[in-house]
Amino acid sequence: MDYMKAYDLLGRYKIKALRAAYVNSSKEATDFARENKIVMKLISDKALHKSKSGLVKLNLSTPEQIGSAFAELAKKGEALKPYKILVQEQVGNGTEIIIGGNTDPQFGKLILLGLGGIYVEVFKDVSVRVCPITEYDASEMINGLKSKQIMLQDQRNERIIKNLLLDVSNFLVKNPKITELDLNPIILHDGTYDAVDLRLMEE
Amino acid sequence: MAGKYYNLDSMLKPKSVAIIGASQSPEKVGHIIMQNYFNVGYSGYIYPVNVGGDDTILGRKAYKSVLDIKKPIDLAVIAIPAKFVPQALDECGKAKVKSVVIVSSGFSEVGDTALQEQIVSIAKKYGLPVLGPNCLGVMDLRSRVDTLFLPTFKIDKPSIGGVSFASQSGAVGSAVLDLISHENFGLSKFISYGNAAVIDEADILNYLAHDPDTKVIIFYIEGVKRGKEFIEVAKEATKLKPVIIIKGGITPAGTSAAHSHTASLAGSYAAYEAVFEQFGFIQAKSLDDMLYFAKIFEAQPLTTKKRVAIITNGGGVGVLAADSLYLNGLEMAELSEEAKKSLRKVMPPIVNMSMPMDMAGDADDKRFGAAIDVLSKDENVDALMIISLFQTPGADSRVAATIIKYGTENKKPIVVVSPGGNYAEVHNNMMESSGVPVYPSPEDAAKSLAALVKYSEYRERMGSLDAKDKNNKKSKRDNK
């Protein structure tokens with residue numbers, strides 16, 4: 001599903017992603033940035049691992065940086081048509097987590113929580129539950145992780161993650177046609193969170 | 001939930017049984033099944049059915065078809081080659097047979113889904129509860145029904161008790177049955193359901209959950225046929241009684257949606273684990289664990305508290321036991337001052353009152369008895385782990401008898417650790433037959449105790465932990 005469409009849909013379930021927009025030129029990107037740091041991404045169905053393929057450009061703020069990143073992505077995009085270029089606010093440091101949703105042929109909607117970024121695949125430290133989940137389930141999803149202590153370095157994160165899990169579970173149950181969801185990563189910082197990348201798959 | 005799931009009463013408590021494929025030839029499955037009915041002392045009517053036209057089989061009048069019997073039939077066991085099964089099943093429907101077990105194989109498990117579909121549609125047409133195909137069928141030690149085609153001398157049959165065992169696999173089923181009798185706990189029902197063409201996991205779990213003779217359920221599954229229904233039934237079942245589950249085939253099946261991180265991680269085993277965790281199952285990861293867990297749940301009270309007192313007649317095993325408590329999320333009890341005072345009166349001066357309490361190698365039944373007595377009453381103790389090393393000079397049958405006395409009437413769970421050879425084994429059997437769970441290592445005992453506590457916590461959360469199940473009701477102190 002289109003990024004901006006997914007952004008709007010999840011927003012209706014209190015799941016907020018970063019402010020973002022599609023841009024057609026480096027001028028539009030520069031206007032979006034308003035001198036703040038932004039991230040630029042190439043969005044294409046043919047590109048699955050954006051960061052591994054150099055399709056995500058970070059720390060862009062000057063018109064020069066934005067201009068050269070746009071040019072590079074546009075060039076790479078030629079091989080991945082159709083593509084779009086997305087710009088997004090860049091968040092500072094925080095703890096990265098991943099929340100996923102999936103559809104099991106037997107048991108229906110599943111929800112997954114893990115530490116974010118590259119670690120989720122290395123350590124396979126994830127907890128999974130069947131939707132809908134209860135508040136207890138949400139707590140236990142966190143408690144069941146070895147990476148719990150990393151996730152909860154900031155105590156406020158516990159509440160944030162729990163609410164987010166409950167919101168995502170609610171979203172999955174109420175949207176049966178969404179077969180997969182990927183909020184990866186979500187950055188927890190300063191007592192709040194930002195979903196940096198989101199993907200929804202429809203049946 | 002009635003109506004949505006098959007009632008298996010007529011299958012497990014039949015007043016009359018037709019054996020389709022019964023035979024005079026001793027090597028035929030139908031012969032063994034029928035012979036077994038005599039061996040176990042089944043007291044209902046038995047009607048052998050064989051198209052071959054023998055007049056009598058094993059001394060009973062034989063029929064060419066169930067349609068010729070013309071009497072009420074609660075259960076028909078079909079043990080004939082697969083290709084003849086649809087016709088036999090249809091005749092069962094026409095003869096108003098109340099339930100059917102198909103032991104024959106040669107259906108979807110060998111790729112013949114069409115033949116299996118035929119079975120399903122015939123069963124649906126008559127609303128007939130059909131177990132199998134490709135299964136061992138059922139065994140109920142109380143009603144003395146036994147459709148297993150295993151010669152009785154080859155398998156030790158467990159005694160009558162409160163554990164019911166359902167198994168997708170017949171091979172796991174028969175091996176575990178044999179082991180259950182070895183572990184000395186009592187069996188209520190055994191259901192081997194094979195391909196689950198008609199009666200599936202949800203039906204069986206629902207039936208056993210409401211079966212008054214079943215106290216503990218153990219379940220070997222490879223998959224479930226109806227996921228949503230299985231969850232619906234599980235929610236109710238696990239509130240009523242412990243359901244120990246083991247899943248075969250846990251390597252992630254190839255997922256069609258492997259292109260996303262989420263899909264590749266939340267493969268199908270992850271889904272099963274989530275279901276087990278979320279809906280109160282006790283998951284066993286090996287057959288040994290499955291039996292060890294069943295043993296403690298069958299005989300010991302539930303407790304949500306985890307302060308365990310360890311007494312031992314050998315120091316080293318006590319140290320291992322302390323480690324195993326910690327590794328399994330349990331806590332070491334700290335005895336109250338009153339308890340310490342009472343113990344000092346009965347223990348020799350060399351015995352230190354800290355846990356694990358080493359009563360020394362010459363500890364006899366009196367020392368064991370006094371210690372268990374004091375610890376059972378100490379409100380700082382929620383469960384007891386008794387290590388009785390029968391290799392020591394003081395330990396003999398009197399020690400076993402003392403443990404039995406307390407282990408069967410205590411309000412707190414008691415587990416015994418007794419590693420050893422033949423001499424220990426004799427005493428372990430005595431204790432286990434009386435309902436005291438005995439484990440070969442502290443690790444196994446601690447793991448089982450931890451499973452008991454975890455399940456008790458689940459019951460408490462669900463609001464279904466009866467006051468009578470709870471231990472230390474009056475205890476003022478809680479863990480932190």
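The model is predicted. Over all chains, a search of the whole structure finds 32 salt bridges. In chain B, helix H4 (residues 113-126) has its buried residues along one face, and chain A is assigned two domains, 19-89 and 95-202.

**Salt bridges in chain A**

- A:Lys27 and A:Asp31 form a salt bridge through their side chains, with an N to O distance of 2.8 Å.
- Both residues belong to helix H2 (residues 26-33) of chain A, where a spacing of four residues separates them by about one helical turn.
- Residues three or four places apart in an α-helix point the same way, because the helix has 3.6 residues a turn.
- A:Lys27 is exposed, at 54% relative accessibility, whereas A:Asp31 is partly exposed, at 43%.
- A further salt bridge joins the side chains of A:Lys81 and A:Glu78, at 3.3 Å from N to O.
- A:Lys81 is partly exposed, with a relative accessibility of 44%, and A:Glu78 is likewise partly exposed, at 48%.

**Salt bridges in chain B**

- The side chains of B:Lys340 and B:Glu337 meet at 3.9 Å, N to O, in a salt bridge; the cut-off for such a contact is 4 Å, so this pair falls within it.
- B:Lys340 and B:Glu337 lie three residues apart in helix H12 (residues 337-346) of chain B, a separation of about one helical turn.
- B:Lys340 counts as buried because its relative accessibility is 18% and the limit for burial is under 20%.
- B:Glu337, by contrast, is exposed, with a relative accessible area of 53%.
- Elsewhere in chain B, a network of salt bridges links B:Asp140, B:Lys189, B:Asp211 and B:Asp213.
- In general, side chains of opposite charge can pair when their charged atoms come close.

**Strand pairing in chain A**

- Strand S6 (residues 108-115) of chain A pairs with S7(A) in the antiparallel sense, and the pairing runs over five bridges.
- Within this pair, A:Leu112 has A:Val128 of S7(A) as its bridge partner.
- Strand S7 (residues 126-130) of chain A is mostly covered, with four of its five residues buried.

**Helix H4 of chain B**

- H4(B) contains 14 residues, which should span 20 Å at 1.5 Å a residue; the C-alpha atoms at its ends are 20 Å apart, in agreement with that expectation.
- Its buried residues are B:Leu115, B:Gln116, B:Ile119, B:Val120, B:Ile122 and B:Ala123.
- Viewed down the axis of H4(B), these buried residues fall within an arc of 165 degrees, so they line one face of the helix.
- Cover for the buried residues of H4(B) includes helix H3 (85-94), strand S6 (99-102) and strand S7 (130-131) of chain B.
- On the face of H4(B) turned away from the buried side are the exposed residues B:Ala114, B:Glu117, B:Lys124 and B:Lys125.
- Just after H4(B), B:Gly127 adopts a positive phi of about 60 degrees.

**Domain layout of chain A**

- The domain assignment of chain A places residues 19-89 in domain 1 and residues 95-202 in domain 2.
- The centres of domain 1 and domain 2 of chain A, taken over C-alpha atoms, are separated by 27 Å.

Definitions and conventions
Residues numbered from 1 in each chain as written. Chains lettered and ligands numbered in written order. Predicted model: local features only at pLDDT ≥ 70, side-chain atom pairs only at ≥ 80, totals over all residues. Heavy atoms only, no water. Helix = DSSP H or I, 4+ residues; strand = E, 2+ residues; numbered from the N terminus. Buried < 20%, exposed > 50% of the residue type's maximum accessible area, 1.4 Å probe, protein only. Pairing = 2+ DSSP bridges. Expected span 1.5 Å × (residues − 1). Arc of directions from axis to C-beta. Contact = heavy atoms within 4.5 Å. Domains from an automatic or database assignment.
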